[in-house]
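Please find below a short note on the annotated site of this model.

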Amino acid sequence: MTGPCFIFFFLLLNLLPFFQTLEASHCSIKGLPLVRNIADLPQDNYGRGGLSHITVAGSLLHGLKEVEVWLQTFAPGSRTPIHRHSCEEVFVVLKGSGTLYLASSSNKYPGKPEEHFIFSNSTLHIPVNDVHQVWNTNEHEDLQMLVIISRPPIKVFIYERLVDASHCS
């Protein structure tokens, strides 16, 4: 026969995660509401025509420490600069298509980039410090992606062009 102490302990162990989840669902980050409309968040283009960048959840605006989430939309023909950064990056293509150029960071200078066709519902993973560029090569439709980065805030290193290491002395 089960005693009242055992039943209380059993209920406490099983209901505690429920109460913690319930309590956590009402919290906010730095005073911002937990549920926000993306359309109400600030938008920037960082001086790049055809780009719309929204930090959906970030380190500076929202106090996140391990990840940052962006929504980026590229008009036809627009692109990121050729760059690398000290974090991992995952892209989820929500709509449109384009090209990812990726060059390994294994050399002092990045080599010839590999071309990867990206499309709606595809995902991409960029390793730490690998040089890359995202380009909306679709002439008729915006390219929209959800971008998740690790270890924010990040330092971005921009290249004027990709240089083949075999041509450097």
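1. In which strand is the place of Glu-89? Glu-89 is in strand 5, residues 89–95 (strands are DSSP runs of E, at least two residues, numbered from the N terminus).

2. The model is predicted: local features need pLDDT of at least 70, side-chain atom pairs count only at pLDDT 80 or more, and totals for chains, interfaces and linings use all residues. Residues are numbered from 1 along each chain as its sequence is written, and side-chain values use heavy atoms, with hydrogens and water left out.

3. An unreviewed UniProt entry gives a "binding site" annotation to His-83, His-85, Glu-89 and His-132. His-83, His-85, Glu-89 and His-132 are all in the lining of the largest pocket. Such annotations may be inferred rather than shown by experiment.

4. A pocket is an open set of points on a 1 Å grid over the protein atoms alone, where a 1.4 Å probe fits, with protein on both sides within 12 Å along at least five of seven lines; lining residues have an atom within 4 Å of a point.

5. Glu-89 counts as buried because its relative accessibility is 3% (buried is under 20% relative accessible area, 1.4 Å probe, protein chains only). The side chains of Glu-89 and His-85 form a polar contact of 3.0 Å (N or O atoms within 3.5 Å, one able to donate a hydrogen and the other to accept it).

6. His-132 lies in strand 9, residues 131–135, and is buried at 1%. Beyond four places in sequence, its contacts (heavy atoms within 4.5 Å) include His-83, His-85 and Glu-89.

Key: Helices (H or I, at least four residues) and strands (E, at least two) are DSSP runs, numbered from the N terminus. Buried means under 20% relative accessible area, exposed over 50%, partly exposed in between (1.4 Å probe, protein chains only).
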